[in-house]
Number of protein chains: 2
Amino acid sequence: MTRLSDAGEFEVIRRMLAAAPAGGPGVVLGPGDDAALLRPVPGEDLAVTTDAFVEGRHWRPGWIEGEALGARLAEANLSDLAAMAARPRWALLSGGLRGDHPLADLESFQRGLAGALAAHGAAVVGGNLTAVEGAEWWSLTLIGGVSEGRAFRRAGARPGDALVVSGRPGRAGAGLRLAIALGERAREEAFAPLLAAWRAPRARVSLALALAGTHAVGAAVDLSDGFAGDLAHLCEAGAVGAEVELERWPADEALTHAAGVLGVTAEALRMGPSDDYELLLAIAPAGLPACMEAAGREGLPLAVVGRFTDRPGALEALAPDGSRRPLGGAGWDHFAGR
Amino acid sequence: MTRLSDAGEFEVIRRMLAAAPAGGPGVVLGPGDDAALLRPVPGEDLAVTTDAFVEGRHWRPGWIEGEALGARLAEANLSDLAAMAARPRWALLSGGLRGDHPLADLESFQRGLAGALAAHGAAVVGGNLTAVEGAEWWSLTLIGGVSEGRAFRRAGARPGDALVVSGRPGRAGAGLRLAIALGERAREEAFAPLLAAWRAPRARVSLALALAGTHAVGAAVDLSDGFAGDLAHLCEAGAVGAEVELERWPADEALTHAAGVLGVTAEALRMGPSDDYELLLAIAPAGLPACMEAAGREGLPLAVVGRFTDRPGALEALAPDGSRRPLGGAGWDHFAGR
């Protein structure tokens with residue numbers, strides 16, 4: 001088995017690029033020079049984001065590695081562009097790897113990364129590799145394009161706007177908790193949708209672009225911390241509050257089953273730390289039908305799970321009898337570890 | 001002393017941004033959303049690069065940390081844009097930090113980074129922080145602008161072109177070797193210019209922009225591996241060879257002194273691994289006077305140290321008597337560790 005230290009830096013880069021060639025629309029000059037040269041689309045702003053994965057923290061060998069890891073890193077960054085309604089274009093990859101890392105695994109990683117980007121028309125255009133002794137890490141920077149003035153932002157939710165989510169938030173966090181709590185037993189059939197949500201999320205890029213066409217989205221964030229945490233970001237940016245109607249949440253048998261096994265409530269899984277890479281949106285009531293229709297065409301139904309209020313900072317659960325209580329759950333703090 | 005784990009992720013980011021605010025020309029939306037929004041200059045291509053530093057490998061606590069480390073990370077990336085004759089504009093910072101990292105040191109780092117970028121009109125527009133257990137690391141992505149078709153490239157050197165360098169290549173590598181070999185004794189006055197070249201390099205951005213105005217530069221690379229290694233890149237990209245006239249090299253008393261102390265030749269220090277972040281250029285003889293004049297106006301003299309040849313891949317030292325021998329030295333391979 002060939003390892004990085006056998007091949008040497010330049011051969012490693014050559015093999016990675018052979019596994020998934022760089023270049024594509026707007027790439028004037030790809031990898032191999034001091035910098036890549038890219039040609040922006042006239043009239044578009046750039047949307048740029050960066051996200052990193054650390055071994056043992058963001059990925060668990062045996063569950064996510066190689067191709068799946070590359071794809072997941074891409075999806076995490078693609079999701080940030082989806083939250084801005086930007087079209088992904090170019091990525092730069094920076095990695096810290098041990099010398100004993102198998103070269104074949106790196107080629108798989110590159111294929112997974114490039115494949116996930118290519119599904120949205122984007123490509124790796126450059127990068128940097130450096131050697132580390134301990135935990136490995138990857139950092140990806142992704143550049144997209146969005147027509148001037150058309151980007152979704154976190155600020156913009158208004159009292160009365162519908163609180164809308166895509167997919168089934170909470171599933172990814174439930175999958176991770178199952179893998180930790182049950183080990184191999186988490187691979188049973190009943191948990192499959194939760195494990196898939198954690199291991200192979202899909203950024204909602206095409207959904208976001210379809211919704212942008214309706215001009216009805218007032219604010220957006222992607223669910224990378226967890227529903228309650230990311231909703232708090234949206235409320236803070238817009239100086240609004242939110243009330244969530246838990247009864248309107250889409251039914252999710254797998255999640256309910258997992259909650260029982262884990263000894264927690266389904267609400268805790270839905271509201272708590274979970275990187276689902278779904279979208280959380282504020283949509284004016286008049287714009288809802290157009291958004292629902294656009295999402296339906298994408299095959300990705302949206303759910304209205306509450307509304308924004310004029311009580312800044314208040315995140316509440318609204319019961320069918322009209323009573324309110326503070327919403328549970330919290331996002332993830334990298335340094336506090338909670 | 002406040003540490004990252006005391007402050008929590010969002011407070012850490014708030015304090016970093018307070019230490020050196022983000023934003024500047026072309027920044028439509030800075031940090032705090034899912035992505036930053038940037039407005040490119042019409043008619044310009046983007047030049048994008050990424051470079052990373054790993055604790056214990058790219059920086060040595062006690063020699064380079066805090067503000068100096070932030071500045072050095074910026075210069076390493078700025079130098080890649082200088083090698084493309086691009087104007088630096090926007091940076092994204094990604095970091096892996098331990099929870100016990102002092103917050104004040106992080107603020108110093110951010111000031112050093114932002115200050116070095118600001119000197120060239122660029123600013124941090126976004127980033128990501130994640131927690132690590134072992135060695136800390138930083139990865140910076142830098143985006144610049146360059147008029148379409150005007151970027152310097154590695155390919156383009158032609159036989160007969162002058163081989164030109166800025167500054168005193170080899171000094172940074174000599175400074176590092178002195179610090180390793182002598183420890184505290186390396187701080188003596190005679191070594192100061194070498195230690196400074198290693199600890200506080202200055203990317204040749206303004207020199208590159210001035211040279212671009214002459215339209216006489218055929219190819220360029222920045223010296224981040226070492227003279228012989230980076231010259232090999234330039235020769236490979238242009239399918240040419242090069243002959244170096246060591247006697248024409250600018251005199252460097254400090255380097256010669258260090259070579260004696262280290263028990264190596266001055267040639268080994270000049271040709272070997274050294275990240276000086278100077279420029280290595282191919283310039284057609286007819287364009288030399290204009291380049292020399294432009295460099296003189298910048299206060300950064302260039303030296304002609306050889307010429308490119310029609311012997312692809314041959315890197316030779318040319319003696320005053322006309323005899324040739326293979327050039328010594330080699331670049332740095334991250335994974336081979338040589």
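Begin by selecting B:Ser147, which is located in strand S6 of chain B; helices (H or I, at least four residues) and strands (E, at least two) are DSSP runs, numbered from the N terminus. The model is a predicted one, in which local features need pLDDT of at least 70 and side-chain atom pairs count only at pLDDT 80 or more, while totals for chains, interfaces and linings use all residues. Residues are numbered from 1 along each chain as its sequence is written, chains are lettered from A and ligands numbered from 1 in the order in which they are written, and side-chain values use heavy atoms, with hydrogens and water left out.

With a relative accessibility of 38%, B:Ser147 counts as partly exposed; buried means under 20% relative accessible area, exposed over 50%, and partly exposed in between (1.4 Å probe, protein chains only). Which residues does B:Ser147 contact, leaving aside its neighbours within four places in sequence? They are B:Gly43 and B:Glu44, where contact means heavy atoms within 4.5 Å. Next, display B:Arg39: its C-alpha atom is separated by 15 Å from that of B:Ser147, and the two residues are 108 residues apart along the chain.

**The sheet**

Now select the strands of the open sheet of 6 strands, which has the order S1(A)-S2(A)-S3(B)-S6(B)-S4(B)-S5(B) and mixed pairing. Two strands pair if DSSP finds at least two bridges between them. At the edges are strand S1 (27–29) of chain A and strand S5 (123–131) of chain B, each of which pairs on one side only. On average, neighbouring strands of this sheet are turned by 25 degrees against each other, direction ignored; axes are lines fitted to C-alpha atoms, for helices over the stretch in contact, and angles run from 0 to 180 degrees between N-to-C directions.

Zoom in on S1(A), which is joined by 2 bridges to strand S2 (residues 36–38) of chain A, the two running antiparallel. Here A:Leu29 stands opposite A:Leu37 in S2(A).

**Aromatic pairs**

Over all chains, the count comes to 7 aromatic pairs. Rings of Phe, Tyr and Trp (its six-membered ring) pair if their centres lie within 6.5 Å; planes under 30 degrees apart count as stacked, over 60 as edge-to-face and the rest as tilted. Select A:Trp63 and A:Trp198: their ring centres are 5.8 Å apart and their planes stand at 50 degrees, so the pair is tilted. A:Trp63 and A:Trp198 are both buried. The charged end of A:Arg187 sits over the ring of A:Trp63, 4.0 Å from its centre; this requires NZ of Lys or CZ of Arg within 6 Å of the ring centre and within 35 degrees of the ring normal. In chain B, B:Arg187 lies over the face of B:Trp63, at 3.9 Å from the ring centre.

**Helix H8 of chain A**

Finally, select helix H8 (residues 227–238) of chain A, whose end C-alpha atoms are 16 Å apart. This agrees with the 16 Å that its 12 residues should span at 1.5 Å a residue, the expected span being 1.5 Å times one less than the number of residues. Its buried residues include A:Phe227, A:Leu231 and A:Cys235. Just after H8(A), A:Ala239 takes a positive phi of about 55 degrees.
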